[in-house]
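Subject: Structure handover, with notes on its cavity

Dear colleague,

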Amino acid sequence: MENKSSPVESVDRALLLLMRMRDQGPLSVKAAAEQLDVAPSTAHRLLSALTFRGFAAQDHDRHYRLGPALSDRSAEAFSTQLIRKHAHESLVELQQTVGETVQLMVLRGGNIQFIDGIESKRTLRVGMRVGDKMPAFVSAGGKAMLARLTNTELEDLYRSGLPTWPTGRITTMATLKRSMTRIRREGFGTNFEETEQGVVGLGVSINDADGRPVAAITTATPSIRFERADMPTHLTALHRAAEGITTQLLNAAS
């Protein structure tokens with residue numbers, strides 16, 4: 001009888017995990033152990049090795065998915081052009097609801113880049129910044145996207161240290177991680193005059209089917225007009241817009 005076993009069992013197990021993540025999505029250490037019929041400690045070692053080489057990555061909920069060395073879903077399926085196209089209608093509705101400038105951004109390494117927006121029609125308003133870049137951790141939308149990453153991924157993004165920003169308040173990795181823990185719990189990011197003086201922002205992340213950040217949308221309000229009592233209305237509108245954009249993108253990619 002022909003021997004069907006792999007000559008290198010650990011490699012075979014790692015490949016099986018990659019195939020499982022490819023076909024069925026993220027999995028926990030427990031699920032990986034059950035899939036391979038091994039102890040959880042063995043599954044954890046295999047997943048850690050895959051993560052170290054970039055073939056897997058751990059989400060904020062401690063599940064493992066395909067890593068940057070293999071996964072090109074966000075980079076290819078959700079191009080800037082596609083995101084702008086499918087976000088426009090929701091941006092218009094969002095701006096009409098809140099009456100303030102709204103903006104769309106994507107993550108570029110440790111920075112965000114504004115790719116679209118609609119300005120408020122009020123005399124005193126925040127201007128759009130299409131094309132501009134800035135550190136993600138000073139922007140409400142950037143924070144919302146960073147919160148979808150694990151602490152390990154945050155460390156990789158800012159392995160050379162956090163860049164300085166004139167009005168930034170997050171200056172250390174420890175502060176960044178604490179901030180991300182709060183944002184994961186609350187489900188939105190804030191910017192109280194951190195991008196620039198006189199501007200207050202609220203932002204939520206737009207995610208792919210695996211919960212990975214694809215883009216973010218924000219409201220930008222002159223601080224002199226900002227009222228905390230308005231936050232629930234703005235956040236409800238932001239989440240509704242994000243859900244609409246997500247649905248459009250996933251339908252386009254299917």
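The largest share of the lining of the largest cavity, three residues, comes from β8. Please bear in mind that this is a predicted model, in which local features need pLDDT of at least 70 and side-chain atom pairs count only at pLDDT 80 or more, while totals for chains, interfaces and linings use all residues. Residues are numbered from 1 along each chain as its sequence is written, and side-chain values use heavy atoms, with hydrogens and water left out.

A cavity here is a set of points, on a 1 Å grid over the protein atoms alone, where a 1.4 Å probe fits but cannot get out, and its lining residues have an atom within 4 Å of a point. The structure holds one cavity of 30 Å³ or more, and the largest cavity has a volume of about 140 Å³, volume being the space filled by probe spheres set on the points, which are joined across faces, edges and corners. Its lining has 17 residues, of which Q103, F114, N191, T195 and A220 lie nearest the centre.

Strands (DSSP runs of E, at least two residues, numbered from the N terminus) β3 (101-108), β7 (199-207) and β8 (213-222) each supply at least two residues of that lining. Of the residues of β8, 10 of the 10 are buried, so this strand is largely enclosed by the rest of the structure; buried means under 20% relative accessible area, with a 1.4 Å probe and protein chains only.

Kind regards

How values were computed: On a 1 Å grid over the protein atoms alone, a cavity is a set of points where a 1.4 Å probe fits but cannot get out, and a pocket is an open set with protein on both sides within 12 Å along at least five of seven lines; lining residues have an atom within 4 Å of a point. Helices (H or I, at least four residues) and strands (E, at least two) are DSSP runs, numbered from the N terminus. Buried means under 20% relative accessible area, exposed over 50%, partly exposed in between (1.4 Å probe, protein chains only).
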